[in-house]
Amino acid sequence: MPGMAPAAANDLRERFRGRHIISMNDFSREEVEFILAESARFEGNRAPVLQGQVLSTAFFEPSTRTRLSFEAAMAQLGEANVGAVF
């Protein structure tokens with residue numbers, strides 16, 4: 001968030017490490033505002049921020065459109081994708 005102290009931003013980032021998110025109700029207002037501010041930094045950025053990373057997708061129902069859109073987005077960010085449909 002604009003004007004947020006670096007220590008406060010790092011604290012918010014750490015809140016997400018290892019956290020399972022099921023619903024929007026799992027977020028505080030402060031966390032939602034932080035996510036939106038952080039995402040704005042990536043808007044229009046085509047830098048390969050995931051270069052050298054391998055991400056995996058797992059779909060338990062055949063959803064070609066969703067799977068391909070996820071894979072395309074990951075490829076645009078420079079990662080190698082390993083996908084599976086169960």
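This is a short tour of a predicted model, going from one selection to the next.

Residues are numbered from 1 along each chain as its sequence is written. In this predicted model local features need pLDDT of at least 70, side-chain atom pairs count only at pLDDT 80 or more, and totals for chains, interfaces and linings use all residues, while side-chain values use heavy atoms, with hydrogens and water left out.

**Stop 1: helices H1 and H2**

Select residues 6–16 for helix H1 and residues 29–42 for helix H2. Helices (H or I, at least four residues) and strands (E, at least two) are DSSP runs, numbered from the N terminus. Two packed helices are described by the angle between their axes and the distance between the axes. H1 and H2 pack at an angle of about 100°, and their axes are 11 Å apart. That makes H1 roughly perpendicular to H2. Axes here are lines fitted to C-alpha atoms, for helices over the stretch in contact, and angles run from 0 to 180 degrees between N-to-C directions. Angles under 35 degrees count as roughly parallel, over 145 as roughly antiparallel, 65 to 115 as roughly perpendicular and the rest as oblique.

Now show the side chains of the contact (heavy atoms within 4.5 Å). From H1 pick Ala9, Leu12, Arg13, Arg15 and Phe16, and from H2 pick Glu30, Glu31, Phe34, Ile35 and Glu38. The residues of this contact divide into 5 nonpolar, no polar and 5 charged. In this count Ala, Val, Leu, Ile, Met, Phe, Trp, Tyr, Cys and Pro are nonpolar, Asp, Glu, Lys and Arg are charged, and the others, Gly among them, are polar.

**Stop 2: salt bridges**

Side chains of opposite charge can pair when their charged atoms come close. The structure holds 8 salt bridges, each a side-chain nitrogen of Lys or Arg within 4 Å of a carboxyl oxygen of Asp or Glu.

Select Glu38 and Arg13, whose side chains meet in a salt bridge at 3.4 Å, N to O. The pair links distant parts of the chain, with Glu38 in H2 and Arg13 in H1, 25 residues apart. Is Glu38 buried or exposed? Glu38 is buried, with a relative accessible area of 15%, whereas Arg13 is partly exposed at 33%. Buried means under 20% relative accessible area, exposed over 50%, and partly exposed in between (1.4 Å probe, protein chains only).

Next select Arg15 and Glu30, which form a salt bridge at 3.2 Å, N to O. This pair also links distant parts of the chain: Arg15 is in H1 and Glu30 in H2, 15 residues apart.

Then select Arg17 and Glu14, a salt bridge at 3.0 Å, N to O. Arg17 is exposed, with 62% relative accessible area, and Glu14 is partly exposed at 43%.

**Stop 3**

Select residues 64–76, helix H3, with 13 residues. H3 reaches 18 Å from first C-alpha to last, close to the 18 Å expected at 1.5 Å a residue; the expected span is 1.5 Å times one less than the number of residues. Within H3, pick Glu71, which touches Thr57, Asn81 and Gly83, not counting residues up to four places away in sequence.

Finish at Gly78, in the loop between H3 and strand E2 (80–85). Gly78 takes a positive phi of about 95° and is partly exposed at 25% relative accessibility. Gly78 touches Pro48, Leu50, Gln51 and Gly52, not counting residues up to four places away in sequence. Gln53 is 25 residues from Gly78 in sequence and 7.9 Å from Gly78 in space, C-alpha to C-alpha.
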